[in-house]
There are 2 protein chains.
Amino acid sequence: MLSFDIVKPLLIIDKAKALANIQRMQAKAATHSVVFRPHFKTHQSGVVGEWFRQAGVDKITVSSVSMAHYFADHGWDDILIAFPVNLLEIKQINRLASRIDLQLLLEDTAVANQLNELLEHPVGIYIKLDVGAHRTGIPMENERQVLELAAEITKLDKLKRKGLLAHAGQFYHNPGGITAMQSDVNTISKQLGRLKQQIGDEKLLLSWGDTPSCSMLESLPDFDEWRPGNFVYYDLMQYHIGACQLNDIAVAVACPVVAIHPERNEMLVYGGAVHFSKEFIAADQNFRLYGFLVKFTENGWSDPIPGAWLSGLSQEHGVVKLPVVLAQQFKPGEVVGVLPVHSCLTVDAVGIQYTTEGELVPKINFA
Amino acid sequence: MLSFDIVKPLLIIDKAKALANIQRMQAKAATHSVVFRPHFKTHQSGVVGEWFRQAGVDKITVSSVSMAHYFADHGWDDILIAFPVNLLEIKQINRLASRIDLQLLLEDTAVANQLNELLEHPVGIYIKLDVGAHRTGIPMENERQVLELAAEITKLDKLKRKGLLAHAGQFYHNPGGITAMQSDVNTISKQLGRLKQQIGDEKLLLSWGDTPSCSMLESLPDFDEWRPGNFVYYDLMQYHIGACQLNDIAVAVACPVVAIHPERNEMLVYGGAVHFSKEFIAADQNFRLYGFLVKFTENGWSDPIPGAWLSGLSQEHGVVKLPVVLAQQFKPGEVVGVLPVHSCLTVDAVGIQYTTEGELVPKINFA
């Protein structure tokens, strides 16, 4: 058991694992001679931000204007908001641009013009490309549209053209193995290089995202900047696709056991959708996997207990499936750990977090 | 458009609809001569609690010790925590029991004894029965186990036996139509009556939960207390199973439009998993439905826009599918509304909420 009292669901961070994850990714980025601009939406914490700063990071990525304000308050002065500009937040954007080196995302000429009208200070602009995730961005094959926007930006005095931004969100699901991923990345990289050449701006940064490819691939050719985020903690989804080892997962949710049901190979824990979110991995026979069960040790947690997994979530209830011999070993009043499927959403959902040493780790509070 | 500024995702509450939902359920409970002990986990708000109080409610249900403390601070003095006792929170439970009439849930003789040892003040006890959801509780057919626990409780000086508690969680999914639901409820009611008779305690309350059956069924025989919660706001899941009309849904998430993709019948809104949770309704052709699109009016919102729905969520991004003719009508910088699939989780996830009149509605903040 950890050395401090746990009475309700908390996020527990293994700082040593998180630091190792940060150092490994930073070293890899250095080997590739790219700017390392990690995404801070995973941890959302000023304290964890300091762990990155101590590792030499000075540029970051966030996913909302609110998050940018939070990290600006924590002394970060070069922040990219990797989300299409929300014109409605122009006041908040202007406040940010007056105090830090702010980078924004655009994919639309009309929005570029409106933004330029409304801005009071210059900002850096990345053009958002869709490289296969089909979530947002200009499809990278639509060269004319990219070139038009790239040209338009140079006409607008408050917009400083900085880069082309890609996020291969498709790699989080059905990555199709490392060979297919490498082949996709090579194709994307080639097309981005072609766009850069057509735009004719040597200084244009090719900015690349996503934890799966930054973790798994040996070669990420021709990109100038990496923005992975999830790798700081990893999770079962990343383990599932091969982006990390189980031992790299740096967060577990501490859940009190409240009832044992050996007659159906289950126990109930205090820890539900409001702590984990409802992200799951679809498993065989229509089962949903919401987490792996671990036991806390004095300064961390065990390997996952074979055959024990979080199989159902309602608001505060978590149903754990486990072999009957194990069900009989647990008792109400104990605390178990659960490795989450998606650490970004779990971190966002759980209110309170501590390191394994019992140090409180504050994060953004939007309420 | 609503008459106040919206710049980022907010929960908007239609107070008139919520009040009508409260009054309708309260009137139905009165017709059935039952105690109305609504579940407050859906709204988690002291202000919304006052709407219930003004409608005559003086007993409530919550799903955590933390929530009980919050509502005790808001003047509620008879609170049932409808979650199996978490022995680790004994200090917090003792603090609560010293100031309010506290009701707890038990399903295990060993836990009953441990609880009695640790309690400093008497509490009311409901025995949790599993009536088909298989989440937790003693299976209602295990009569011996129920009788043993019921007898044990009378031997323990701090535990006052109050009732048998059922929550038919199965009705939220695959309810199998109103006739099947009515038949199930009749069976459960009969079995609970039988258990009550065997226990031989005339004053034992049969406590019944769940918004679907309390909304849909004309007859809920022999129960003494109702604890529905979701009905205050309802949502698409309840609409989907027939528990409410679209017009009864009392919450919508306001989402700024940030990008339009008519080439694939989509637009992107600021509003993601951290606002909606990831609950979905499985629709045809493997589509997932995360919400219906509405337009805000001066004092509320429109009917859902036919053919427009939230089809994908990542952390802050929401992908809306919509016919191309509609996609061309929206512009970045507008605000649209989304009726959520599961209001309880959405309320929990969205940080900030207002009524349609622009009144701030504070809720619990666990961070």
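In this predicted model, 44 residues of chain B are in contact with 43 residues of chain A.

Now for the nonpolar core. The largest one has 257 residues, and the members that touch the most others are A:I81, A:I127 and A:L164, along with B:I81, B:I127 and B:L164. Take A:I81: setting aside neighbours within four places in sequence, its contacts are A:V62, A:S64, A:V65, A:A68, A:L104 and A:L105.

Over in chain A, strand β15 (residues 291-294) is worth a look. Which residues of β15 point one way and which the other? A:G291 and A:L293 go one way, A:F292 and A:V294 go the other, and all of them are buried. As a rule, side chains in a regular strand alternate between the two faces of the sheet.

| Partner of β15(A) | Residues | Sense | Bridges |
|---|---|---|---|
| β18(A) | 309-313 | antiparallel | two |
| β20(A) | 335-340 | antiparallel | four |

Residue by residue, A:G291 sits opposite A:L310 in β18(A), while A:V294 sits opposite A:G337 in β20(A).

Technical notes: Residues are numbered from 1 along each chain as its sequence is written. Chains are lettered from A and ligands numbered from 1 in the order in which they are written. This is a predicted model: local features need pLDDT of at least 70, side-chain atom pairs count only at pLDDT 80 or more; totals for chains, interfaces and linings use all residues. A residue is buried if 20 or more other C-beta atoms lie within 10 Å of its own, exposed if 12 or fewer, and partly exposed in between; C-beta atoms are placed from the backbone. Two strands pair if DSSP finds at least two bridges between them. Two residues are in contact if their C-beta atoms, placed from the backbone, lie within 7 Å. A nonpolar core is a set of buried Ala, Val, Leu, Ile, Met, Phe, Trp, Tyr and Cys residues joined through C-beta atoms within 7 Å.
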